[in-house]
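Hi everyone, thanks for coming. Let me put the structure up on the screen, and then we can walk through it together.

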Amino acid sequence: MKNKFKRLIFFSAHPDDEVAGAGGLMLKALKQGVRIKLVLCIDPAEPRFEWDEETERNRRLDEFKIVADRLKAKWSYLNFPHYPEINYTTILPCVKEIREFRPEIVIILQENDYHTEHQIVARIVKRAVWHAGRNAFPDCGRPHLVREIWESDGDRPLFDPNYFVDISDVISEKRKLFLAYGSQQKRKDLISAIEGLNRFRGIMYKKGKFAEAFKITHFFYG
Ligand SMILES: [Zn+2]
């Protein structure tokens with residue numbers, strides 16, 4: 001992979017965002033000894049026709065922990081409500097995560113996504129990356145400068161990706177990893193959608209059989 005980095009954090013709105021957007025990248029990074037942290041921002045509780053909101057929360061958290069375990073990743077769960085506000089109550093917990101783990105890169109689903117909660121989490125995390133580097137908020141730890149923000153494909157493909165990771169060698173592992181999210185796959189054939197998009201990226205951008213797309217922003221601290 002292009003950039004040498006030792007630590008990455010993926011901030012997700014929902015359990016499964018991280019595997020869908022960057023599962024292949026993280027599986028490859030793991031083989032190279034990169035340390036990974038998964039931060040789940042929003043409480044996945046939601047009443048469903050088949051079971052109550054508590055059961056939904058527990059199932060999805062259990063699945064998230066299995067995925068974290070397979071990626072040998074640390075994880076945390078910020079418990080934001082659905083459609084969270086963009087203010088210090090949501091930004092500062094993300095600042096704390098960044099300052100504690102001290103990653104070179106932060107990954108999110110793209111800000112310009114179809115899903116409103118993906119958009120909101122992206123906006124919160126971008127502000128957190130900025131505040132994490134500032135000489136403020138000592139309660140959140142020592143300042144830390146993140147080098148790059150990587151936005152990935154979300155519920156709609158990135159319009160203008162500028163970096164691709166050939167994931168052909170880990171595509172079957174990515175599939176298996178996504179199967180940990182059985183509660184989601186049962187409702188919709190997400191694996192086929194994700195693999196189809198990865199195949200498209202690989203063929204159209206000549207990046208191998210399967211590729212993940214990203215839009216990398218080098219972060220400037222004002
Ligand atoms: Zn999501």
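Predicted model: local features only at pLDDT ≥ 70, side-chain atom pairs only at ≥ 80, totals over all residues.

Let's start with helix 7, residues 190-204. Helices here are DSSP runs of H or I with at least four residues, strands are runs of E with at least two, and both are numbered from the N terminus.

Residues are numbered from 1 along each chain as its sequence is written.

Which residues of helix 7 are buried? They are Ile-194, Asn-198, Arg-201 and Gly-202. They cover an arc of only 100 degrees around the axis, which puts them on the same side of helix 7; that arc is taken from the directions from the helix axis to the C-beta atoms. By buried I mean that 20 or more other C-beta atoms lie within 10 Å of a residue's own, exposed means 12 or fewer, and partly exposed is in between, with C-beta atoms placed from the backbone. On the other side of helix 7, Ser-192, Ala-193, Gly-196 and Met-204 are exposed.

What do the buried residues of helix 7 pack against? Their partners are helix 1 (17-31), strand 6 (163-166), helix 5 (171-179) and strand 7 (211-218). Just after helix 7, Lys-206 has a positive phi of about 55 degrees.

Now to helix 5, where we find Leu-177. Leu-177 counts as buried because it has 20 C-beta neighbours inside 10 Å. Leaving out residues up to four places away in sequence, Leu-177 touches Val-19, Gly-23, Leu-27, Val-67 and Arg-70; a contact means C-beta atoms, placed from the backbone, within 7 Å.

Finally, the whole chain. The protein chain has seven helices and seven strands, in the order β-α-β-α-β-α-β-α-β-β-α-α-α-β along the sequence. Buried residues make up 42% of its 222 residues. Among contacts between residues at least 6 apart in sequence, 76% join residues at least 24 apart. The C-alpha atoms fill a box of roughly 45 × 45 × 30 Å along the principal axes.

Note on methods
Expected span 1.5 Å × (residues − 1). Contact = placed C-beta atoms within 7 Å.
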